[in-house]
Amino acid sequence: MPDKTTTREQLINNLNEDLSREYQAIIAYVVYSQVLKGAQYMNIAKELEKHAGEELTHALTIAKHIDYLGGMPTNTPKPVKLTDNAEEMLRADLKNESDTIKAYRERLQQCEGLSEYAIAEDIREILRQEQEHLIDLATALGEDAPDLSKK
């Protein structure tokens, strides 16, 4: 059921939170893709480079919608975990992707509640890619993707 209580201003603020998470992802993927060491991580390192580009596209899309709604896109990323432990890097990314997916699921409902269907369509496409990232990371860790249907 669409969320009818979200205002346009709240949507702008929430999208700026999403934008901060996209910046975080860009930074993490750029750094992690270059510093992951070991033969077992070569495939995921190349995948993370690809993810960085996709996250940049997401950031541009979200910033465009913030501007459309009359807001100013943020310039502040959420913090990036820096470590030289490959598994910790991948786990940090997996957690961030999980948080991002949950947030975009909420944003989708908020957009539809405000009849912002074009923004909702772009968020659906972003969500699809974020879920692919989640699966890639879980696979690299040798596990199933987490079940995000639970609150």
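Guide: What follows is a set of questions about labels, each answered from a value and a cut-off. Keep in mind that this is a predicted model.

Visitor: Which hand does the crossing of H1 and H2 have?
Guide: H1 passes H2 in a left-handed crossing. The residues of this contact divide into 18 nonpolar, five polar and four charged.

Visitor: Why is H2 called roughly antiparallel to H4?
Guide: Helix H2 covers residues 42–68, and its angle with H4 is about 160°. Their axes lie 11 Å apart. The cut-off for roughly antiparallel is over 145 degrees, so H2 gets that label against H4. H2 passes H4 in a left-handed crossing.

Visitor: Which residues meet there, between H2 and H4?
Guide: Among those on the H2 side are Ile44, Leu48, His58, Ile62 and Tyr68. The H4 side includes Ile119, Ile123, Ile126, His133 and Leu137. By class, the residues of the contact of H2 with H4 are nine nonpolar, six polar and seven charged.

Visitor: And how do you know that H1 is roughly antiparallel to H3?
Guide: By the angle again. H1 and H3 pack at about 155°, with axes 10 Å apart. Over 145 degrees counts as roughly antiparallel, so the label holds for H1 and H3. H1 passes H3 in a left-handed crossing.

Visitor: What are the classes of the residues in the contact of H1 with H3?
Guide: Eleven are nonpolar, five polar and seven charged. In H1, they include Leu11, Leu15, Arg21 and Tyr29. In H3, they include Met89, Asp93, Tyr104 and Arg107.

Visitor: Which residues have the most contacts inside the largest nonpolar core?
Guide: Leu15, Leu36, Leu48, Ile62, Leu90 and Ile123. The core has 39 residues.

Visitor: What does Leu48 touch?
Guide: Leaving out residues up to four places away in sequence, Leu48 touches Tyr29, Tyr32, Ser33, Leu36, Leu90, Asp93 and Leu137.

Visitor: What is Glu116 in contact with?
Guide: Beyond its neighbours within four places in sequence, Glu116 is in contact with Arg8, Tyr68, Leu69 and Cys111. Glu116 and His65 are 51 residues apart in sequence, with their C-alpha atoms 10.0 Å apart.

Visitor: Why does Ser115 count as partly exposed?
Guide: Its relative accessibility is 45%. Partly exposed lies between the buried cut-off, under 20%, and the exposed one, over 50%. Therefore Ser115 counts as partly exposed. Ser115 lies in the loop between helix H3 (86–113) and helix H4 (117–140).

Visitor: What makes the phi of Ser115 worth a look?
Guide: The phi of Ser115 is positive, about 60°, although Ser115 is not a glycine. Most residues other than glycine have a negative phi.

Note on methods. Residues are numbered from 1 along each chain as its sequence is written. This is a predicted model: local features need pLDDT of at least 70, side-chain atom pairs count only at pLDDT 80 or more; totals for chains, interfaces and linings use all residues. Side-chain values use heavy atoms; hydrogens and water are left out. Helices (H or I, at least four residues) and strands (E, at least two) are DSSP runs, numbered from the N terminus. Buried means under 20% relative accessible area, exposed over 50%, partly exposed in between (1.4 Å probe, protein chains only). Axes are lines fitted to C-alpha atoms, for helices over the stretch in contact, and angles run from 0 to 180 degrees between N-to-C directions. Angles under 35 degrees count as roughly parallel, over 145 as roughly antiparallel, 65 to 115 as roughly perpendicular and the rest as oblique. A crossing is left-handed if the near helix is turned anticlockwise from the far one by less than a right angle, and right-handed if clockwise. Contact means heavy atoms within 4.5 Å. Ala, Val, Leu, Ile, Met, Phe, Trp, Tyr, Cys and Pro count as nonpolar, Asp, Glu, Lys and Arg as charged, and the others, Gly among them, as polar. A nonpolar core is a set of buried Ala, Val, Leu, Ile, Met, Phe, Trp, Tyr and Cys residues joined through side-chain atoms within 4.5 Å.
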